[in-house]
Amino acid sequence: MPIRLEESSFMEKQAKIAIQNFHFYYGTFMALKDLNLSIQPNQIFAILGPARSGKTTLLKSMNRLTDLIFGTSHTGQIFIDSQEIYGPEISLPELRRRLGMVFDLPTALPLSIFENVAYGPRFKGLSEKSRLEEIVEKSLQAAVLWDEVKDRLQSSALRLSGGQQQRLCIARMLALEPEILMLDEPCSGLDPISTASIEESLTKLKEKYTILLVPHNIQQASRVADRVGFFLEGKMVEEGSAFDLFTRPKNKKTEDYISGKFG
Amino acid sequence: MSKEKILEKSFLLIALSSISILALIAFFIFQQGIPLIWKVGLNSFLLGDRWFPSKESFGIFPMIVGSFWVTLGSLIVGVPLGVACAVFLCELIPPTIAMILRPMIQLLGAIPSVIYGFWGLIVLVPLIRDSFGGPGLSILAGSLVLGIMILPTIISISEDSLRALPRTYKEGALSLGATHWQTIWRVLLPAARSGIVASIILGMGRAIGETMAMIMILGNATQLPNSILSSARTLTTNIGIEMGYASGDHRQALFATGVVLFFIIMGLNSVALIISRKGRA
Amino acid sequence: MKISRHHTQGLAKGVIWVAAFSTLAVMFWILYQVLREGLPLLHPDFFIQAPRQMGRAGGIFSTIIGTIALTVVAIVIATPLGVGTAIFLQEYTRESGVSRVIRFGTDCLAGVPSIIFGLFGFVFFVIFLRMGWSILSGGLTLATMILPTIICTAEEAIKSVPYTYREVSFALGGTRWQTIRKMVLPNAFPGILTGVLLGVGRSVGETAAVILTAGSSFITPDSLFSPIRTMAVHFYILAREGISMEMAYATGAALILLILAINTGANWMMYRYAHKA
């Protein structure tokens, strides 16, 4: 029987993602401290903070990629649609299909463009050519890459530029038809034009998906985020609507970070 | 059990194959050989110097001595020349030429031992016979050929060790005024020592285990050899020559020879492991 | 009289030059000699005809079949075992008691002399499992001999597949096996193939273990249970029994050419693989 969310508040019941008392450890090192957070559907939630504050760890513990690393452990719970994702009967491949992820470096697989995007759907068991072609086209269009590559779908993805590869990774993620998108500094190393086009797609995508974004910088967060959580050394210091957090932050440390006093 | 779990267990089972094979080898060799050692007595087996299977006399001391001298001889030939070649390839010739020579040396290492034995038989043996007398089929011939056979091993590994050294070693020494040779002799070679020693041990293992070439050129006399021009047998050739027609106790004695060989090789491996661990620490 | 450093250097370098040059020269000269005598004797008939008159005449056809058969059996058995072991060590465990035991076994196996493998193959495959002197006994014995080589090269190949490929595959919903099958193995394939080629080279040249397990019949085999002679064994017998120096040279030359081809293939594979990555 799935572990049911405590019937504690209306907000939490509606939440797409609810994190309760979550601590995460690499061996004895505590990377995430006492995290309590709920995220509503169809919004962009930005995870803000300096390096080493646990942002990537948070994302990877949500699709349990951290399970691949030896010696990790956690306490507390993470619920997605009221279902505990560390529960015993959770299927990891299915979980990872529900939470699509894009890494901070363009990670095209050594396959053709078509095969990159079709990679995830094939695991689901999809092999019918027409269906795959449909999904690939749809995903590449949603990632604003279709027009640039539609004539060379069979060529190697490794030949694409950095910005194109990153959009390919987004398409690859969308092809899974996930519910939640997690993007870890998706625009790092990209030129302003690619960055702008990715940010534009994100704003369109939130109509369909719930998005967790680790922004490349504070400006990006202020451009696209609906809500923001500020993280420092594994602890979420403050959380609120983007407008509130950026204009009148409640915590001194938040204010210092936003005004650039440290980074 | 899920499909993934089944796969994991299957791979575990497959991975246990190498240690299982090793265990099987040890088991069967020992099963055949130990009873005979028991019967004859360890002392008289190892130290007895008469090998007359037809008279139930099984002393393998001459073979132990033969193995020892041939291996020692091969190291005397192979180590200095091998290290010299490694230095030659690494330091004394342009890298482009070294790049051509390296795969060729690797190829020489892949040539079957019977080819080397053949060459020894038709070139070296008559040469020794004509120059020094005796049958020509001798420990001298064996050492020379075996030395040549272990050269590729020693050269490749020693050269790899030299090339793996940080460039700063060489540059530092040279900038302190050392000549190129002084750098090689006093800095590079000592620094690569553990790799060179590893190559020597590997070469030694190969030398002790060599059979076919030795059968062809050692002469296969069963008496205790008394000079390098003597004909002799090694532990390996003893087995290789007689296994084709041995039976009963005789055959078991050959397995017993295998047991002794097994222990020697395992001992060598352990020494190598200890040295490599010390070198790393 | 004090010898200057430069004189020492000149002398030392000179000695090394002479030593290295003559050593390499002798080694290549050995090959050259066999090839010089043997190559002229290689004509198509030599390869197609079976040995006649105990090998004094005819060709080496049956030995070619024997070599191929034995090698194929060895590769077919050793490759799945070796690659499977490598997959287990790299993908399913970390450094632990189990992995250390497995590596110890593999290292020791790599050091066992071929005559011991021959003894083992004889008592286990030929006698105990009643396979007799046969292609099967010989091939299985060779498989145990080349297993460590394949494990080692397969591990290197698998290790060299970047971790990000795996991470991405998992993130896209792949299970461990799916990731191995679709991402790791295809990318490790060239390296694994190199290891297989090295195993082939070893099988072709092996003599001691083959004589004790596959016999030495030069009749063309008709089943996996037939005894057989390989080219290396044939060469050895010709030389040692003094049957025919001509035939020995010819067989030797053929053997060398075969090894040359296999080694060149393996090197080319490694070269292409290194440049693709």
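Residues are numbered from 1 along each chain as its sequence is written, and chains are lettered from A, with ligands numbered from 1, in the order in which they are written. Because the model is predicted, local features need pLDDT of at least 70 and side-chain atom pairs count only at pLDDT 80 or more, while totals for chains, interfaces and linings use all residues.

**Chain B as a whole**

Select chain B, whose C-alpha atoms fill a box of roughly 75 × 70 × 30 Å along the principal axes. Chain B holds 13 helices and two strands, where helices (H or I, at least four residues) and strands (E, at least two) are DSSP runs numbered from the N terminus. Of the 281 residues in chain B, 48% are buried; a residue is buried if 20 or more other C-beta atoms lie within 10 Å of its own, exposed if 12 or fewer, and partly exposed in between, with C-beta atoms placed from the backbone.

**Where the chains meet**

Now show chains B and C together, since among the two pairs of chains that touch, this pair has the most contacts, two residues being in contact if their C-beta atoms, placed from the backbone, lie within 7 Å. Chain B brings 60 residues to the contact and chain C brings 66 residues. On the side of chain B that touches chain C, helix α2 (residues 17–40) of chain B gives the most, with ten residues. That side of chain B has 45 nonpolar, 13 polar and two charged residues; here Ala, Val, Leu, Ile, Met, Phe, Trp, Tyr, Cys and Pro count as nonpolar, Asp, Glu, Lys and Arg as charged, and the others, Gly among them, as polar.

Chain A and chain B, by contrast, do not touch, and their nearest C-alpha atoms are 11 Å apart.

**Two helices in chain B**

Return to chain B and select helix α7 (residues 139–164) and helix α10 (residues 193–209), which pack at an angle of about 155 degrees with their axes 8 Å apart. Axes are lines fitted to C-alpha atoms, for helices over the stretch in contact, and angles run from 0 to 180 degrees between N-to-C directions. α7(B) and α10(B) are therefore roughly antiparallel to each other, a term used for angles over 145 degrees. Among the residues that make this contact are B:L146, B:I150 and B:I154 of α7(B), and B:I196, B:I200 and B:R206 of α10(B). The residues of the contact divide into nine nonpolar, six polar and two charged.

**A loop residue**

Move to B:G133, which sits in the loop between α6 (113–132) and α7 of chain B. B:G133 counts as exposed because it has 9 C-beta neighbours inside 10 Å. Select B:L229 as well: B:G133 and B:L229 are 96 residues apart in sequence, and 8.0 Å apart in space from C-alpha to C-alpha.

**The domains of chain C**

Finally, colour chain C by its domain 1 (5–41) and domain 2 (45–276), whose bounds come from an automatic or database domain assignment. The C-alpha centres of domain 1 and domain 2 of chain C lie 31 Å apart, and their contact takes seven residues from domain 1 and seven residues from domain 2.

Key:
Parallel < 35°, antiparallel > 145°, perpendicular 65-115°, else oblique.
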